[in-house]
Amino acid sequence: DSSSVRYMAQVWAAILEVLAISLAFVFSLYVFGGGLRARRDDPAVIKRRIATALLTSAAGWLYVALVREPLEPPLTAAETLGLWPLRPLAIATPVILVMFGYAGHLCNRCMAGAERYVEDDDDDEPKREQPLAVFRDVIISPLVEEAVYRAISIPILLSSGLSLGWTVLVSSLMFGLSHSHQFVDRIKERGCS
């Protein structure tokens with residue numbers, strides 16, 4: 001039937017759109033953030049990547065606001081972020097999951113050693129925490145990723161006619177896929193093949 005073919009074409013086009021936005025977000029961090037060989041925790045790299053992440057997510061928001069067909073009926077910001085209608089368990093569950101996800105900052109400290117978040121100036125003074133790395137991991141990353149993987153991708157997927165359940169699944173898969181580079185980085189850091 002032609003309507004089901006059209007529906008599937010719209011859904012796949014939206015999935016590819018969200019994949020392209022996800023890839024653009026991740027690749028921009030490397031292209032404009034100092035390249036593949038840049039030290040992730042170098043303050044200059046952190047600043048460039050924060051600026052790049054903010055610009056990329058702003059571009060995604062503009063794309064959704066100005067180019068994409070609006071949802072009918074339109075979603076409010078609270079609806080896009082899953083905060084309305086008010087359902088305490090529905091709000092608490094993702095917040096708790098995000099908290100655990102960004103507890104990775106603490107896990108990275110354990111895995112990489114405390115020196116990852118410490119300035120190393122090769123003198124005899126005691127080492128200090130690098131607040132810029134903590135700011136990136138605890139504040140900027142969660143906010144920008146929520147913008148890209150929830151506030152940008154969900155309206156695109158819903159406007160294609162995809163159900164809410166499939167929309168949540170696809171946006172979650174894109175979020176996970178966009179973080180696969182960290183696994184590869186971790187293997188390269190440890191010298192594994």
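Helix α1 supplies the largest share of the second largest pocket's lining, four residues. This is a predicted model, where local features need pLDDT of at least 70, side-chain atom pairs count only at pLDDT 80 or more, and totals for chains, interfaces and linings use all residues. Residues are numbered from 1 along each chain as its sequence is written, and side-chain values use heavy atoms, leaving out hydrogens and water.

**The pocket**
- The second largest pocket has a volume of about 160 Å³, which is the space filled by probe spheres set on grid points joined across faces, edges and corners.
- Its lining includes Gln10, Glu17, Arg68 and Ser160.
- A pocket here is an open set of points on a 1 Å grid over the protein atoms alone, where a 1.4 Å probe fits, with protein on both sides within 12 Å along at least five of seven lines; lining residues have an atom within 4 Å of a point.

**Helix α1**
- Helices are DSSP runs (H or I, at least four residues), numbered from the N terminus.
- α1 has 30 residues and reaches 42 Å from first C-alpha to last, close to the 44 Å expected (1.5 Å times one less than the number of residues).
- Among the buried residues of α1 are Val11, Ala14, Glu17 and Tyr30; buried means under 20% relative accessible area (1.4 Å probe, protein chains only).

**The salt bridge**
- There's one salt bridge by count, meaning a side-chain nitrogen of Lys or Arg within 4 Å of a carboxyl oxygen of Asp or Glu.
- Arg136 pairs with Asp137, their closest N and O atoms 2.7 Å apart.
- Arg136 is buried at 8% relative accessible area, and Asp137 is buried too, at 6%.

Key
Helices (H or I, at least four residues) and strands (E, at least two) are DSSP runs, numbered from the N terminus. Buried means under 20% relative accessible area, exposed over 50%, partly exposed in between (1.4 Å probe, protein chains only).
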